[in-house]
Amino acid sequence: MFTVRRQMELSCLTPAEAGEHCCGQHLTELEKIYDQLEQLSSHLYSPYLEDSLPLALEHALQPWHSQLPLHCQLPSQWEMEPIEQNRLLISFTQSLLTQLTQTTPQPHRCDIVLTQTGHAKQLRYQITYDFRPAPELWQALSTQLDPFLKTFQIFTGGDYEQRLHPQEFDWVLDWGSSFPVPAAPSH
């Protein structure tokens, strides 16, 4: 994209090559294509995956705020974790939110809470409805998310729970620190 843009800029400097067409219009169109590619790249691969799970989640959740009533609690500090694990948790989140936007009725509230206590970590999704949703909705969501949950369990050595309440669905993912904790020195 850079090379194409630079070639176009250089050809616009020469009036004979610019001809009747406005180079500015072509450069604007090229800039739009570049922006769209950048958005697609960010959607497919969060720029924060390597930095922090909370930042990566926050970035991944941005487009969903206009589609669902999201309420997120993400800590500002988080220890480094394997990128594959972060990617899996982001994929699970996006899959859940995609399913929620494609179902009727829409949830009344969607809480996503990431916490860490010592070496124990938890990511909780609490989906609340104004009334009791049909059991088929729970079954469809559970079936769709089950592969992510099983993979999460294998990769992290963690555990998960799926809970159905009268007006609420919960998914709770628990795992430990990614890095071994040094043993206390023996005396």
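Contact here means heavy atoms within 4.5 Å. Helices (H or I, at least four residues) and strands (E, at least two) are DSSP runs, numbered from the N terminus. The model is predicted: local features need pLDDT of at least 70, side-chain atom pairs count only at pLDDT 80 or more, and totals for chains, interfaces and linings use all residues. Residues are numbered from 1 along each chain as its sequence is written, and side-chain values use heavy atoms, without hydrogens and water.

Five strands form an open sheet with mixed pairing, in the order β1-β2-β3-β5-β4. Two strands pair if DSSP finds at least two bridges between them. The edge strands, β1 (70–73) and β4 (159–165), each pair on one side only. Strands β2 (residues 109–117) and β3 (residues 120–128) are antiparallel and share nine bridges. T117 stands opposite A120 of β3.

Helix α4 (residues 53–61) is largely enclosed by the rest of the structure, because seven of its nine residues are buried (under 20% relative accessible area, with a 1.4 Å probe and protein chains only). Among them are P54 and H59. Helix α4 lies across β1, β2, β3 and β5 (168–175). Helix α5 (residues 83–101) also touches β1, β2, β3 and β5.

The two helices, α4 and α5, pack at about 30 degrees, with axes 10 Å apart. Axes are lines fitted to C-alpha atoms, for helices over the stretch in contact, and angles run from 0 to 180 degrees between N-to-C directions. The helices α4 and α5 are therefore roughly parallel (angles under 35 degrees). In their contact, L53, A56, L57, A60 and L61 of α4 meet N86, L89, I90, T93, Q94 and L97 of α5.

Notes:
Buried means under 20% relative accessible area, exposed over 50%, partly exposed in between (1.4 Å probe, protein chains only). Angles under 35 degrees count as roughly parallel, over 145 as roughly antiparallel, 65 to 115 as roughly perpendicular and the rest as oblique.
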